[in-house]
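I opened my notebook to go through this structure one piece at a time. Here is what I looked up, in the order I looked.

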Amino acid sequence: MTSIRKNKLFMAVLYVLVFLMLAEWLTPVIVLTETGHKALFLFFIAAGLLMAFLRAPWWFSGPIKILYILWFIVYVYTGNLFFTGEAISFLRTDFSVNFTALMSQNWAQTTDVFRTVLFFTLLWMAIYLIHYWVSFRLSIFLFYLLTVIFIAVLDTFSPYSGDAAIVRIMVIGLLLAGLLHLARWMEGHRILERTEKLAAFAVPLVLVVAVSTALALYLPKAGPIWPDPVPFITSFSGQGGAGMGGNVGRIGYGVDDSRLGGSFIGDDTVAFHAEVSEGQYWKVESKDVYTTKGWELTENVDESIFYGNDETVDTGFDPAEEELDLAILSMEQDFPFVLYPYGTASFFMEESPDYQYSPADQRFETYQNGQEFEPEVYEIAFNEPSYSLTALRETSDEDLAELSGDFDRFLQLPNELPERVRNLAAEITAGAETVYDKTRAVERYFSISGFEYSQSDIPVPEADQDYVDQFLFETKRGYCDNFSSSMVVMLRSLDIPARWVKGFNEGELIGTTGEIDTYQVTNNNAHSWVEAYMPGVGWMLFEPTIGFTGAASIDFDLELDAEDPVQPEPEELPLEDNPQTAEEEETAVAAGPSFGERVADFISENRWKLIWGLLGVSVAASVLFKIRRKWMPKLLVSYYRKSGGGSGQFEKAYLRLLKQLDLYGIHRRPGQTLKSYAAYIDSFFGTREMTELTEAYERAVYGGNAESVDWLKLRESWENLINRTSG
Amino acid sequence: MNAKERLEQVIDNIEKVIIGKRNIAELSIVAMLSHGHVLLEDVPGVGKTMLVRALAKSVGADFKRIQFTPDLLPSDVIGVSIYNPKDMEFHFRPGPIMGNIILADEINRTSPKTQSSLLEAMEEASVTIDGVTMQIPKPFFVMATQNPIEYEGTYPLPEAQLDRFLLKIKMGYPTPKEEMEVLNRAQSAAPIEELTSVISLNELLELQEQVKTIKVDETIRSYIVDLSRQTRQDSYVYLGVSPRGSIALMKASQAYALLKGRNYVTPDDVQYLAKFVFGHRIMLRSEARYDGITAEEITERILAKTRVPVQRLVGQ
């Protein structure tokens, strides 16, 4: 039979498109696995497709491909351009090594060459498969869909950015699918056209694809409706809790906090492990400008200061004692900065980078040779600062008034700040005399006034709403950002300098060796808290969030007045939650571990859930499949009721009925004609309807007279029969 | 009156004299409508001649009968030119072949030379004597009978010549009840004389044209091809059905569809006719004969296992 498949030009166009599509598969794999020689792989694909296109017989194309693979191995692994004696002996030894490894099931001992061969085999299979789809099935949809899913998954879970790839794939795929549909349509209707006519058919297709692509590219796009799927999926696995939102999987830092609010879902991805004698709050940076919606940073405050390894740093928090503690942090995520506890004296890292301290946000960025550097393991010498209670008792409003202009940025408040916030702050602190007492009063206020800790159903303030005001007076529930921001704003309204700090809390204790505890800190432990300036004493850490115990240590012994009735118990937590479970969330820090680790973590943590889930789903699916005879008719009836009355619908419906009858147990023998089968069906059910339907069907299919069939009239008979099969 | 009704009339007419052989009458008409010929293989005395005569009478056709004997010559069949001394020219004296409906009785009794003269005339629908070609009047329909080949004193027809017959039919003995009825009728006057024609020859020619318009869908054609190919692959078969056999099956199916009042062929038509079209076209190996397998059984087997097309062909 002559067919469109014989049209060489048409098929050549298809194969070129297929090549482009396969190249889209190859690119991310090459990028993510850091494989070299992309051009040589592409050449393999191109050659394979060319031979498939030319219908080269297997005994020709097979050896050529094998030769190419061998040549590739020789070229890449030994550097020889030709099969020299050395190259051949390399191949031989490598083969024997791998063969022995495979025979003894020592998978780990197989060499890279073997993996290369496997990869080539995979490519070969892909070429064959797609060749089959295009040449024989004239159908690409499945492959197209898989490609889109593949790129989407990689884009979501890996550093590979599929922004451009997905556009290319859409264009290539639409063209391919369109041309193949044209081919199927022409074969179905037995139309034979010359190439010029085919090209004319293809013009509208190309136009439509071009116009829709251009429109899609240039129209404004809505933001994502769903949160990032990674924490979303984790939350379904029941690992809930709070966590980092957003920006997972993107290398780099710089998430802005200019718009706080909204609910969060947990993310158990490990950020780092800390080996330290006692859990610490790990500071990253602070922010100073409150915008009524969130936090921003004043630019260009002071020159950055560079420190080297083991050099004493000045963070504004001095170690309490001369003798320093040691903390070892092993990073699991890539951050271009160090996290540091309060009272840090110095850092040490094997790689010996520069530590660039920015006084604006107190962040230590790490650089090596002028490049951003992402530390892996580092030591921090520190000792928690201690504060004199006596000195704190002497902090007064007068001292505040004498502070230098440097503190102005920590007193900034937006003009729009509702008056009732200021009034509330004044009310809370009405009985307090010292600055320290006022600050403690504000810190304590949330836990004694019916505020609630929650990560879900937290609103984002409207355009005319203030973030802090909304929390203090309307919702009264929220997570760390709400509490810490509110405290900073209230302190500032009392002229106490304060700033908003981001970092991680102590995390979960997972092991103890002697005096050293190991803490695991995950994205769930991202946190925000408050630093306030006590005149004459310095900056101090405050923790307003309900359920959290971060505290500056107060040296009560120092010049303590014995009859002082005030016991400045730092924490009063009537609504105490377990800090481990009430994990806090913070959108501060973002950077993901690699795709593989993420998946592996997820799988290892949820292995049983996954297994049971899969098992359950497959059991349910197979049960549904087994009893499809029971439920299919109902679906079919309503489907065909809706789908109108074309004769094409009738033929589909009839074939469906045949399938249903087969499921019911009345099998048609291969050599049995529809008519005799129908007669049997009718005698079985005591009906006449099958014969009636069959006559119409024969008239449509064998008689080529589909128009004469009145499907709407026959539908009742059809429904009657198909309903019988579900009995 | 449509084609189906007219043809039903012919069959009813034949049934007045032939009892219980409606299917044979149908098949004869199918062959006649598709310009084919029929080979009846049966013992003498089961009503073969009566069938053909009734058919001829019903369509108002010219009926001739040739009794084949071992000493029959080709000229006895097709005619001979005789010298007329009066005008000193040869005049063609047509033989019995120059008729509409011919009964060639016991065709395998005569020599291959005479057999082939008949078969050539059947194929060409014309005869050539002394360089002059004479058209045989239309319609032209031959019903040949042969005794089962195992009989003594026969010259079996070669495969190539058997292929010229569209259908091979076995008449078979009547059932006891039918035979009683035959006896009843035989007592009264021979009813064959009272038959009148129900359609004219021109109408028959029209119907023959109509057969060609019957639609044979691609699916049906591929089914026919499948069936033919299967016969060539069967292990018992020495020589399968030729492409001419496939054509024969298609044409016969068209005629049968017309007879059933349809303007398209269904797989049922093909299946029904395959037995009659393929039976004499399949040459069996000797193993088949040892195993007692006949060509008809092979055909049945192939029909049972070949997938009936139930969907439009798309793509392939």
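**Entry 1: a strand pair.** I began with strand β6 (residues 325-331) of chain A and strand β12 (residues 377-382) of chain A, which pair in the antiparallel sense over six bridges. Strands here are DSSP runs of E, at least two residues long, and helices are runs of H or I, at least four long, numbered from the N terminus. Two strands pair if DSSP finds at least two bridges between them. I picked out A:Ser330 and found its bridge partner in β12(A), A:Val377. A reminder to myself: strands of a sheet pair through backbone hydrogen bonds, either parallel or antiparallel.

Entry 2: Which order do the six strands of the open sheet take? I read it as β8-β12-β6-β1-β18-β17 of chain A, with antiparallel pairing. The edges are β8 (344-348) and β17 (508-513) of chain A, each pairing on one side only. On average, neighbouring strands are turned by 20° against each other, direction ignored.

**Entry 3: ground rules.** This is a predicted model, where local features need pLDDT of at least 70 and side-chain atom pairs count only at pLDDT 80 or more, while totals for chains, interfaces and linings use all residues. Residues are numbered from 1 along each chain as its sequence is written, and chains are lettered from A and ligands numbered from 1 in the order in which they are written.

**Entry 4: two helices in chain A.** I looked at helix α6 (residues 141-157) of chain A against helix α7 (residues 163-188) of chain A: the angle is about 175° and the axes are 10 Å apart. Axes are lines fitted to C-alpha atoms, for helices over the stretch in contact, and angles run from 0 to 180 degrees between N-to-C directions. So α6(A) is roughly antiparallel to α7(A), a label for angles over 145 degrees. The contact (C-beta atoms, placed from the backbone, within 7 Å) includes A:Phe141 and A:Tyr144 of α6(A) and A:Ile166 and A:Leu176 of α7(A). By class I noted nine nonpolar, two polar and no charged residues. Nonpolar covers Ala, Val, Leu, Ile, Met, Phe, Trp, Tyr, Cys and Pro, charged covers Asp, Glu, Lys and Arg, and the others, Gly among them, are polar.

**Entry 5: where the chains meet.** I found 17 residues of chain A in contact with 22 residues of chain B. On the chain A side, α7, α20 (674-685) and α21 (689-701) each supply at least two residues. The largest share, three residues, comes from α7(A). That side divides into six nonpolar, six polar and five charged residues.

Entry 6: Most residues other than glycine have a negative phi, and most peptide bonds are trans. A:Gln105, in the loop between α4 (85-103) and α5 (112-137) of chain A, has phi near 55°. Is A:Gln105 buried or exposed? A:Gln105 counts as exposed because it has 7 C-beta neighbours inside 10 Å; the cut-off is 12 or fewer for exposed, 20 or more for buried, and partly exposed in between, with C-beta atoms placed from the backbone. B:Met88 has phi near 55°, sits in the loop between β3 (79-84) and β4 (89-94) of chain B, and is exposed with 7 other C-beta atoms within 10 Å. Last, I checked the peptide bond from B:Lys138 to B:Pro139, which is cis with omega near -10°.

Note on methods. Parallel < 35°, antiparallel > 145°, perpendicular 65-115°, else oblique. Contact = placed C-beta atoms within 7 Å.
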